[in-house]
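Please open the model in a viewer and follow the selections below in order.

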Amino acid sequence: MAVSDFPSVKLHVVTGKGGTGKTTVAGALALALAAGGRQVLLTEVEGRQGIAQLFDTPPLPYEERLVATADRGGEVYALAVDPEQALLEYLEMFYNLRRAGSALKRIGAIDFATTIAPGLRDVLLTGKVMEAATRERRGGGRLYDAVVLDAPPTGRIARFLNVNAEVAGLARMGPVRQQADSVMNLLRSRRTAVHLVTLLEEMPVQETIDGVKELTRVDLPVGGIVVNMVREAFLPPELFKPVAAGSIDTAELGRGLKSAGIDATAELVGALAAEAGDHAGRLLLEERERDELAELERPTYELPLLAEAIDTSCLYEMANRLTQQGLV
Amino acid sequence: MKSVDVDRLVDTSSIIVCCGAGGVGKTTTSAALALRAAERGRKVCVLTIDPARRLAQSMGLTELDNTPRAVSGVDGAAGGSLDAMMLDMKRTFDEIVLSHAEPQRAQQILANPFYISLSSSFAGTQEYMAMEKLGQLKATGNWDLVVVDTPPSRSALDFLDAPQRLGRFLDGRMIRMLLAPAKAGGRGVMKVFTVGLNVVTNVLTKVLGGEALRDLSLFVASLETMFGGFRERADQTYRLLKEPGTAFVVVAVPERDALREAAYFVERLAAERMPLAGLVLNRVHASAAPDLSAQRALAAAEALDQSGESALTAGVLRLHAERVLAATRDRRMAERFAGAHPAVPVVQVAAQASDVHDLDGLRQVGAELASGYDAGAPDRGRRAG
């Protein structure tokens with residue numbers, strides 16, 4: 001088994017453009033981290049209930065629930081962080097204001113505060129994730145070996161994580177600022193890594209490059225690049241260019257089909273050549289995108305395109321692949 | 001499966017809204033519909049939110065100046081034209097402030113941290129501003145058709161909910177409470193509110209600090225004078241969407257999550273009595289040789305492996321098997337959707353070998369969108385393969 005590229009990391013943040021399979025990768029990463037008897041918390045912050053759909057469980061409450069057991073005895077818990085609940089918890093924890101909290105909720109003040117106070121929402125969401133990642137002794141809740149955050153998409157990730165800058169206009173001092181500072185301390189440390197999920201397509205790759213730039217600019221630790229849904233190549237690389245350009249050896253194709261007992265009509269050979277041409281074109285494009293990603297000089301991991309819809313058994317397979325390639 | 005009469009749609013609608021989950025090709029679909037409408041002779045404006053860089057460049061969208069620009073390279077022989085713009089949400093919001101408040105007050109508002117937060121990161125501002133911009137574009141009367149590409153929301157439904165949510169929020173109880181002391185003049189009824197307000201102010205002061213609270217009151221007071229009935233405004237944009245001539249196009253790909261979102265959206269549009277033109281299913285796999293089954297192709301590939309003959313043919317056969325399986329799976333997904341929503345017309349667009357990033361590519365997508373419809377048999381099934 002490969003040695004982990006991120007041995008010091010406790011908080012794994014997973015982002016990616018919509019449609020790249022960010023939640024699936026976050027789930028697989030949590031399973032990989034849990035393998036061998038470790039406890040892992042998988043969190044989401046956008047109210048999408050993506051984790052529940054992924055593990056085929058009922059919608060998650062604001063509570064840490066066991067959603068899967070990993071290879072060799074580990075456990076994955078999941079939590080859907082809700083900003084209103086987090087604010088109530090925060091008020092209770094720091095000010096003992098539980099009853100006032102529920103009164104505030106009734107008149108809509110909690111909704112108001114979490115919606116409009118600049119950055120407060122993100123401080124609450126990241127704050128809760130930080131709390132879970134930095135728990136130290138029993139009594140303060142379950143202790144985790146690692147926390148995985150299914151984060152907002154690449155386009156918003158730097159702003160979401162850079163909570164200090166966001167609350168700066170709001171709170172120059174005071175408790176929110178302190179909370180933001182300690183969140184930033186964890187996020188900027190070697191205990192955090194932000195992984196980006198992408199496909200080998202133009203837009204997701206461009207967003208990944210922009211995302212890495214943006215994260216670097218605000219001093220947040222970029223982790224690995226996970227290339228998801230990689231197609232199998234049915235042609236050897238030296239044939240990509242000629243086949244894409246339409247010059248496939250149709251005579252060989254015809255002979256091959258015949259010897260395999262298939263009636264090699266000109267129509268069939270033409271159709272198969274066209275399919276091969278499309279495929280080769282796609283592979284060439286993927287090579288270009290792969291080169292662009294390589295310029296980022298970040299550890300890169302690949303997951304194959306699965307023919308079937310994602311179910312839990314696929315997640316274990318993906319977890320294994322991430323481990324073999326050294327992400328975990 | 002019913003099909004969509006795309007040419008009729010682009011010839012007769014005055015607003016087309018493309019919606020769906022993120023990453024399903026909404027922007028490309030919007031641009032392709034707009035281009036087709038323009039080349040069929042209509043004056044069209046397409047409002048995009050977040051186009052791929054090369055697609056944006058091909059449409060001349062190189063600067064974010066929040067005004068529509070003519071797209072060059074469009075065939076105007078039929079008398080049509082195409083303008084395109086990329087939405088700048090903050091700028092659109094700032095423009096509302098500038099047009100409603102006196103200059104000095106406007107500057108105060110624009111600098112307020114709560115305003116900055118609301119205008120740049122409130123979940124829903126982008127959707128609201130897209131609608132606001134749509135309203136503005138329609139009001140100019142410059143275009144026969146405006147095509148809107150909706151924001152990449154966390155869920156497709158945000159787009160319908162956000163304008164009202166923002167309206168409700170700005171018109172809400174909390175805002176009124178914060179304003180109450182100024183207006184109440186010590187009347188008894190308001191006393192309850194004032195007590196409540198004290199609790200709120202205390203907590204907010206504790207959490208945010210006193211300075212933030214002063215910023216907040218200033219912001220709330222500005223909103224009051226400036227926007228009056230924010231909700232009314234949201235309702236207005238909502239009504240615009242129900243007008244005859246508006247058509248919604250739901251965009252999806254044949255994958256479970258995207259189709260689930262599409263199904264929610266279709267049901268929601270029906271519940272709101274909003275006019276749905278149909279579902280565009282992008283990236284549908286098809287095989288050029290559907291008569292050679294996947295099983296047969298795989299068996300032949302294995303036979304070739306064993307005899308050591310033509311690795312090329314074996315590879316091509318495996319590729320073919322994969323494509324046939326993908327096509328079958330996609331067709332099953334489409335049929336399942338059609339079975340659950342028999343009244344919704346569906347048009348399928350084949351998976352492209354490369355990304356679309358020029359007008360020719362858009363033209364091809366437009367032609368493919370339109371080709372699925374057979375005027376003589378609107379209910380014919382597409383069961384090729």
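Begin by selecting A:L54, which lies in helix α2 (residues 50-54) of chain A; helices are DSSP runs of H or I with at least four residues, strands runs of E with at least two, numbered from the N terminus. This is a predicted model, in which local features need pLDDT of at least 70 and side-chain atom pairs count only at pLDDT 80 or more, while totals for chains, interfaces and linings use all residues. Residues are numbered from 1 along each chain as its sequence is written, chains are lettered from A and ligands numbered from 1 in the order in which they are written, and side-chain values use heavy atoms, with hydrogens and water left out.

A:L54 counts as buried because its relative accessibility is 9% (buried means under 20% relative accessible area, with a 1.4 Å probe and protein chains only).

Next, display the open sheet of eight strands, ordered β3-β4-β2-β5-β1-β6-β7-β8 (chain A) with mixed pairing; two strands pair if DSSP finds at least two bridges between them. β3 (65-69) and β8 (300-304) of chain A each have a single partner strand, so one side of each is left without a neighbour in the sheet.

Within the sheet, select β1 (residues 11-16) and β6 (residues 192-198) of chain A, which pair in the parallel sense over six bridges. A:L11 has A:T192 as its bridge partner in β6(A).

Technical notes. Buried means under 20% relative accessible area, exposed over 50%, partly exposed in between (1.4 Å probe, protein chains only).
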